[in-house]
Every structure is written in structure tokens, then in C-alpha cells.
Amino acid sequence: MGGVNEIGSNKAVFVATTPPISAPPSQFHSPSLSRSPLLASDDHIQPANKTPRISTPRFVTPLGSPIRRALQLTRLDPHDAWLPITESRNGNAYYAAFHTLCSGIGIQALVLPVAFTILGWTWGIITLTFAFIWQLYTLYLLVQLHESTETGMRYSRYMQLCNATFGEKLAKWLALFPIMYLSGGTCVALIIIGGQTCKMFFDVICGGTCTAQPPTIVEWFLIFTSAAVLLSQLPNLNSIAGVSLIGAITAFGYCTLIWVVSVIEGRTEGVSYNPVRGSTEVTRIFDVFNTLGIVSFAFRGHNLILEIQATMPSDEKHPSSVPMWKGVKIAYTLVAMCLFPLAIGGYWAYGQRIPENGGMLTALFVFHGKGTSQFILGLTSLFVIINALSSFQIYGMPTFDDMESVYVKKKKKALPWWFRAILRAMFGYGCFFVAVAIPFLASLAGLVGGIALPVTLAYPCFMWLKVKKPKAFTPIWCLNWVLGLLGMALSGVLVAAGIYVIIDTGVEVSFFDP
């Protein structure tokens, strides 16, 4: 960093220099580098063109001054300048709100009334409220863990934070598969949902009057995937802020349309609110646990929080946690305005008759398809399609980042645009192949919710304990241990319950037959 020469007894001359900035010339004046200079690293990228040497001025200041601490606050990985998550650090609270809302609410929220058919009114509302508060707390922990004031590191990816706290070997065992599923698996599910909704939209628009042969469901999957791949060519996470805004608006729009129409149309004939009971005690217990998996699966997006926060500039006076938490509060206020009316209003309108496959969207078409305006049905379907396309971009971004990092670390330069386009097309059409091969993936929501649950509800508590090291047996220490252990135990039980329910009730397995 520099040298220190004592002058008298109270003053010191502090000379600080930084190594050459390992970034493209266009990045020199971005907030990420102008406010948080790169510090020393053993693995610098040297671009082909010569870059100017940037150094800080000499200061006459005490060693413990805020200036020195600011210089040491943020250490950036030199590879980050060319990776899609951290390529641009011009984000703000509004961008964070757009991304968080787009990633935090989706089609999985429409099956929440299905959970109420098992839990009933009282336990359904209690479970949903407790899960919402719990996941909001762990989200707050992740926002606070993004930056370490001790090491000066910014953990820009969920897996990076896991590696730093649990160690690389243990982190791979604990978090790699859930994070991979929450990225790639969610994109597969979005293709299935988007393709099926495209078919519904076509049927609504045509109304049985079209003479042309409609596309098959596989062709709808392909049409949706091609649109998603085309949109995925936007280079980095900040560049899709507008896409996330559109996705957030459409998510809020179709959730509101569905529950409002369902409530206005009134309760269906023969509606019953008696909880569904299995034939044996074991079946009833596992049904309840499987339902808890459905509730937990409704809360997603924690694996993207650190990535979203990484798009923001940060320094000691303006830490990224402040605008990030502001954006999260805005987003989750809107999420609550969607989830609770959907769950409560949907269960009130349909009771035990709510379809397990598709939830509220399927119920809207089955019970009100003829009596509801075609414009409303078409608009709802269109909103679902647009939201699925938007969500595909933000959930695919961690995988894009992973693929591109292999090239960047090896070649020490940015990925060419044509190579980036090829990689993202390969990912998109790979997800299409899986969607066609395993179209029943949505039927495994309870099982998948159990596997991915620790990423949302447990790991943040353990990581906070490891990094912050609170005093033993204090209230905050006890709270995080209880929530972390409860999350891990619940995950194990939910996985077992999901497997049992699949074996007991059966899943219609149809490989390559969507």
C-alpha cells in the first residue's frame, strides 16, 4: 500500500498508491472504481491496451483516519470488471427494487391456496405470515453480509459468501446444488410455464375462430425459449433493470387481476373449507410437511440478493447496504400485497376445489373462463408470459456469470460478444431440452422447496454467526442458532415428505411428452 514515516510524536506521513486498475478504460470513471479503488491482488488482469496508472495523493494524516479506512474498505476481484453481474456498478435503490420484486414473486405464488387446503384457515395464515417474516429477516442478514469491514471484501455472489464462511469443500456440498437449481431449474420451470401460457393466450385470442393449425406445446416451448434467448443478449445485470421493471409490473398485475376477478365472481358451487385429510396418520403428517414445502417455495430470490447488491457502488460513507435495504423494503411491501390476497382470496373463492396443477391461474380459466371478459383473460395470460420472460433473464444471470468466468480467468480478458451470444443461446436451448424431457417438474414443488429451503431460511443465519461472531447466549445469537437449526431440520423433513407424497399419490411421469 505505501510507506509510513514518523514525524514527531503525533503526526505521520502516509503515502498510498494503488496498482494499475485492472479494468477496461470505460470502467475508470464508474462509481465502482472511482469511489472504491482496487487494492492489491495476486491475480491481476492485464488488458491488451495499456491502461493509465492511477495513484492516490500523499496525505499528512493520522494512521487511523477515515481517509485511510476508506482506501482499505473495498477490495474488488479484478475479474469482476468483465463479468455480467459486476461489470456495471451504477445501480441504485430503484434498480434493486425492480430486480428484487421481479425475482421475489412469480408463478409459484399462485399455488399458495393449495397449501390452505391442507392447513386450513388458521394454520394457513399463521404459516404464511411466519414464513414471510422469517425470509425477510434472513434477506436482511444477507444484505448486511455483502460487505466485510474487516477484510474489505465485497461478496458479490451467494456462493462466494458460502465459500468464505463454510470453506470451499463444505460450501459445495451444502449450497452448490440448491443454487444451481434455483438458477437453471427455475429457468426450466419458466419455459414450461411460459410455453403453456402462450398456448392459453393463443386460444383466448383466437376463440375457436382461427383456421390456421395452432403450434404444438413443444413448439410453444421453442417460441418462448427463442424470445428468452434473444432478450438474454443484454450484457449485464444492470442492463436488464428495465426488463426487471416490466417483469415486476406484470407480476403485480397478473397476481392482482387473478385474485380480484376470483373474489368478484364469488365462491364456486360446493366450496368447502374443511382441511383435506389423508387416510392414515402418517399420510396426514407428510401431507402437512409437503404443504410447508409449497409455502417455502413461494419465497424465492435469496440466491440473487448479493448479486443484485453487487451492482451498486459502495464506500465507507455510502455503503451499498443502505440503498439495497431501501429497495428490498419497497419490493417486499408489494410482494406482501400480492401473496396474502392471492392465498386468502383464492382459498375463499375455491376452497378445496383449487387445482393442484397451476393453482389460481388454472382455476381462473376452469371456473370463470366463460363468464369473464376475454380481454381480462388475455391480459392475464400476456402478463404471465412477459413476467416469465423477464424472470428468465435475472435467474439466468448467475449461470451466465459462471460460464463467462471460466473464460475470463483463463484468458485474462473480456469475453467476445459473439462467444457470449453462443454461450447464452446454449444455456437457453439446454433449458428447453430439459423442459421437453421433464415436463412434470412443476409437480415436484414440495420436494424442490425442501431442497432449496436452507438457501433462504438457514444458511444466512449460520453465515451471520460465523462472520459477525456475536457473544454467546445473547438474544441475537440464540435467535440465529434457533432459526438456522430449525431451517435445516425443516429442510430434511420436507424432502422426506416430498418423496413420500410422490410415492404415495404418484406423479404422472411423461418424459419427452409435455
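Which residues of the largest nonpolar core touch the most other members? Of its 116 residues, these are Ile-105, Tyr-158, Tyr-254 and Met-463. A nonpolar core is a set of buried Ala, Val, Leu, Ile, Met, Phe, Trp, Tyr and Cys residues joined through side-chain atoms within 4.5 Å. Buried means under 20% relative accessible area, exposed over 50%, and partly exposed in between (1.4 Å probe, protein chains only). Helix α4 (residues 112–145) gives the most to this core, with 14 residues.

The model is predicted: local features need pLDDT of at least 70 and side-chain atom pairs count only at pLDDT 80 or more, while totals for chains, interfaces and linings use all residues. Residues are numbered from 1 along each chain as its sequence is written, and side-chain values use heavy atoms, with hydrogens and water left out.

**The core**

Select Ile-105. Leaving aside neighbours within four places in sequence, Ile-105 is in contact (heavy atoms within 4.5 Å) with Ala-251, Cys-255, Arg-300, Val-335, Cys-338, Leu-339 and Asn-387.

Next, select helix α16 (residues 459–468), where seven of the 10 residues are buried, so this helix is largely enclosed by the rest of the structure. Its buried residues are Tyr-459, Pro-460, Cys-461, Phe-462, Met-463, Trp-464 and Leu-465. Just after α16, Lys-469 has a positive phi of about 50°. Helices here are DSSP runs (H or I, at least four residues), numbered from the N terminus.

**Helix α8**

Move to helix α8 (residues 241–265). At 1.5 Å a residue, its 25 residues should span 36 Å, and the end C-alpha atoms are 36 Å apart, which agrees; the expected span is 1.5 Å times one less than the number of residues.

Select Thr-129 in helix α4, a partly exposed residue at 30% relative accessibility. Its C-alpha atom is separated by 9.5 Å from that of Ala-336, 207 residues apart along the chain.

Then select Ala-189 in helix α6 (residues 168–206), which is partly exposed with a relative accessible area of 22%. Ala-189 and Ala-435 are 7.1 Å apart, C-alpha to C-alpha, and 246 residues apart in sequence.

**The surface**

Finally, select Trp-417, Trp-418, Ile-422 and Met-426, which make a nonpolar surface patch of about 540 Å². Such a patch joins nonpolar side chains (Val, Leu, Ile, Met, Phe, Trp, Tyr) within 5 Å, from residues with over 30% relative accessible area and no salt bridge. Trp-418 lies in helix α14 (residues 417–437) and is partly exposed, at 47% relative accessible area.

Conventions. Helices (H or I, at least four residues) and strands (E, at least two) are DSSP runs, numbered from the N terminus. Patches are made of residues with over 30% relative accessible area and no salt bridge: like charges are joined within 9 Å, nonpolar side chains (Val, Leu, Ile, Met, Phe, Trp, Tyr) within 5 Å. Accessible areas come from the Shrake-Rupley method with a 1.4 Å probe; for residues, only the protein chains shown count as cover. A salt bridge is a side-chain nitrogen of Lys or Arg within 4 Å of a carboxyl oxygen of Asp or Glu.
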